[in-house]
Amino acid sequence: MLEHINMAFNNITNRPMRAFLTMLGIVIGIGAMVSVFSIGQGGTVEMNKKLQKFGVNRIWVYTGKYRKTESVLKLSDATLLENSISDAQYVTPSTYKNVYLEKGNQSLYTQLSCTDDSLIHIEDININWGRFLSENDVLYSKKVVVIDENLANKLFLGPTDAIGQNIYILGNSYKVIGVEHGAAVKQSAAEYKAYIPVTTYASSWGSSTIDEITLTTSDAKKLDEVSDEAIAVLGQKYGTTQMFDTYNLAKELSIADGILGLFSNIILSVAIVALVAGGIGIMNIMLVTVSERRQEIGIMKALGASSGQIMLQFLLEAGIIGIFGGIGGILSGVIFAYVFYFFSGVMPVFSTSVLILSALFAIFIGVFFGMYPAYKACKLEPAEALKSI
Amino acid sequence: MIETVDLKKTYIARNKEVYALNGINLQVDKGDFVSIMGPSGSGKSTLLSILGCLDNACQGSYYLNGIDVKRLKDRKRAQLRNSVIGFVFQSFFLMPRLSAAENIELPMLYYGLTPKERHKRAQWLLECVSLSDRANHLPSELSGGQCQRIAIARALANDPELILADEPTGNLDQEASSVVLDMFSVLNEQGKTVVLITHDGTIAKKAKRSLVIRNGIINNA
Ligand SMILES: Nc1ncnc2c1ncn2[C@@H]1O[C@H](COP(=O)(O)OP(=O)(O)O)[C@@H](O)[C@H]1O
Ligand SMILES: [Mg+2]
């Protein structure tokens, strides 16, 4: 066997340029396959991470379809939901107000999130200085505020300077307990962002209602189930389920998954076409090789090589071309995936099973398309084969 | 060893039947040294192909050691070529990308000897043909006479009973020819059955028995 492999190598390296060009089809096909799989996998991981931050496993509960009616939700409803829904991980009451934050003669228009300590677990909030709202802050309606880095720079000398100082919201003094790193304000006329306890909002504004309650689930598949439960619990308390509505990203998630899958499938089909073309290339070259080496095949037969041994010889050659095409393909696929990472920021994820499967697939293509030429070689009549040239 | 009964072989060339063999009755005993002489195109190579199980006759029978070769499966015929018959051809037919030693080892590889056994026997055969110092040379790096000696060593790889040679000195000069011919004589003395094809009368005289083939028919010389 070792000798057969050795001879196969000998025969391949005898014409290096031809061998290289023959491999190229496999290299391109396997390369495309490997890069699509690993970029796709990396993309999925990346997307899930982003969606998780944005709230893939999050349910928003509010009053009226599309929030068109005045909210009737109360803080106590959050506690009720927390106690009645076992699949709920975090239950967070929130109200949003655009207000002016004042210090000295400065006054900045800010989006104020009135919420509780659980928000830090479900949103992408990075507190680099001080701390976020605590359970006690909420329990005792403390007049504390977490501001963003821009506010800290505008109103104070910077984040470290801001901690422990006071600012004014609607005439009340709030102590700065934390500064959020580089937060972006979403969907708001306000330029800045700050957080206060939702209980402090209730007492300061004299409001008994909140805008929304969000629930998270540990299992994204339970989104719809938990949504229905929340409506049912609220419906029992208020006597009607019609008053409330929920929203979650399950649909968006499945659409995004679908687009990613479609994209992968298109490129995979291209890869498979390339591989089949590569395989036909191998078959073509092997047929040329068989007719070029007719006399050698005749000699092998005269020396007593069986059909199986001749078949093995040619299948090995095709298989070796496949293996090296596969290795080249995996290398170029990995390189391409990293080049893609450099431009797109999508970190590829390489799974060993994909790499091993592509290598095996390359060998399979080589052997499969080498089969017909090898068969032709072993079926040559020895006397005829010897006579050629 | 060899017995043929009314062997006939026709080729179809350009829609015309060409008779290559026209009823060959040949008997070669074990240990015999037969030369078959004849002009070009008389059917010598065709006959040797059939005797060597490289080709089948169209009509008639060929018995090798009493076995009707026509009835054998491909696999069995390959085994005969491998270990019962040794071939020597006019143009050597060495594998161009294998070294002298590897060429000699090839029939042993097909036979299934271990690398160690193959190596040992190849070294010994190289010694027999006085080419031990050329073991790692490629055929293209050897002279015609040296190539033919390697081919003879290869024919002896699996210690066959029968040596079939088709104009083995056809491509060699006087000196190399006599070296090669002497080898066949020695092999025959050692008990091998030799069938030597040639178109040269002086070469044919080295054999114990000389036959002449003309138009596909054998006459005693
Ligand atoms: N493959 C073939 N197709 C057609 N005719 C052939 C073929 N091989 C041999 N012949 C013919 O058969 C005859 C005998 O050929 P061959 O045995 O090679 O002669 P020799 O070896 O004595 O010179 C010749 O007339 C040759 O033309
Ligand atoms: Mg001839």
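An oxygen atom of ligand 1 is 2.7 Å from an N or O atom in the side chain of B:Ser45, a polar contact in the sense of a pair of N or O atoms within 3.5 Å. Taken alone, ligand 1 exposes 560 Å², of which the protein buries 70%, with areas from the Shrake-Rupley method and a 1.4 Å probe. This is a predicted model, in which local features need pLDDT of at least 70 and side-chain atom pairs count only at pLDDT 80 or more. Residues are numbered from 1 along each chain as its sequence is written, and side-chain values use heavy atoms, without hydrogens and water.

**Ligand site**
- Residues from chains A and B surround ligand 1, so the site is shared between chains; among them are A:Glu384, A:Lys387, B:Tyr11 and B:Lys44, each having a heavy atom within 4 Å of the ligand.
- Oxygen atoms of ligand 1 also lie 2.7 Å from a polar backbone atom of B:Gly41 and 3.1 Å from one of B:Gly43.

**Helix α13 of chain A**
- In α13(A), a kink of about 40 degrees lies at A:Met371, shortly before A:Pro373, the bend being the angle between axes fitted to the seven residues ending there and the seven starting there.
- The buried residues of this helix include A:Val354, A:Phe369 and A:Pro373, where buried means under 20% relative accessible area.

**Aromatic rings**
- The ring centres of A:Phe361 and A:Phe364 are 6.3 Å apart with planes at 10 degrees, so the pair is stacked, given limits of 6.5 Å between centres and under 30 degrees between planes.
- Ring pairs link A:Phe361, A:Phe364, A:Phe368 and A:Phe369 into a cluster.

Terms used
Chains lettered and ligands numbered in written order. Helix = DSSP H or I, 4+ residues; strand = E, 2+ residues; numbered from the N terminus. Buried < 20%, exposed > 50% of the residue type's maximum accessible area, 1.4 Å probe, protein only. Polar contact = N/O pair within 3.5 Å; in protein donor to acceptor, adjacent residues only side chain to side chain. Phe/Tyr/Trp six-rings, centres within 6.5 Å; stacked < 30°, edge-to-face > 60°.
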